[in-house]
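Here's a quick briefing on what surrounds the ligand. Take a look at the structure, then read on.

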Amino acid sequence: MKRTMRIILLPLLLFLFATGFSTRHAGDGQALYEHHCVRCHGADGTRGMFGARNLQKSLLPDTAITLQIMNGKRVMPPFKKKLTPDQINELSAYIKTLRKPAI
Ligand code: HEC
């Protein structure tokens, strides 16, 4: 009986652990985006306020995205003092999910 419980519980725990992690991740990037970026880029990346680029059409590679978030560009402010490298990575991952078709 004990053994059966363990066989059932272990995969269940692993499953909860894994899905918990992935949703937490996506959620963080999205929350950061909503807090710092939506006013110019819009929730779906297309708002274009102050000439903000359409993030659905952006093809920037990861390193360029990271640099742009850190240093800003023209109207876009730099975020390196406001965000940690981890947060910038989360944001970078999140904005790529806005791309259409997703890359
Ligand atoms: C004050 C408005 C503003 C805010 C806030 C802002 N951006 Fe921008 N963003 C811009 C503008 C303007 C550009 C276009 C810069 C240029 O190339 O002239 C841009 C361009 C970009 C690009 C480059 C896209 C490309 O393909 O060239 C990325 C990536 C980006 N923003 C991500 C973000 C993220 C992530 C945040 C939040 C941390 C953010 N932006 C916050 C205005 C803003």
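Helix H2 gives the most to the shell around the ligand, with three residues. Helices here are DSSP runs (H or I, at least four residues), numbered from the N terminus. Keep in mind that this is a predicted model, where local features need pLDDT of at least 70, side-chain atom pairs count only at pLDDT 80 or more, and totals for chains, interfaces and linings use all residues. Residues are numbered from 1 along each chain as its sequence is written, and side-chain values use heavy atoms, with hydrogens and water left out.

**The iron site**
- His41 (NE2) and Met76 (SD) are the protein donors of the ligand's iron atom, 2.0 to 2.2 Å from it; donors are N, O and S atoms within 2.8 Å of the metal (3.2 Å for Na, K and Ca).
- Since His41 is in helix H2 and Met76 in the loop between H3 and H4, the pair ties together parts 35 residues apart in sequence.

**Polar contacts** (pairs of N or O atoms within 3.5 Å)
- A polar side-chain atom of Ser58 is 2.6 Å from a ligand oxygen.
- For Arg74, a side-chain N or O atom lies 3.0 Å from an oxygen atom of the ligand.

**The shell**
- Around the ligand there are 22 residues, and Cys37, Cys40, His41, Ser58 and Met76 come nearest; a residue is near if one of its heavy atoms lies within 4 Å.

Note on methods
A polar contact is a pair of N or O atoms within 3.5 Å; within protein, one must be able to donate a hydrogen and the other to accept it, and residues adjacent in sequence count only if both atoms are side-chain atoms. Helices (H or I, at least four residues) and strands (E, at least two) are DSSP runs, numbered from the N terminus.
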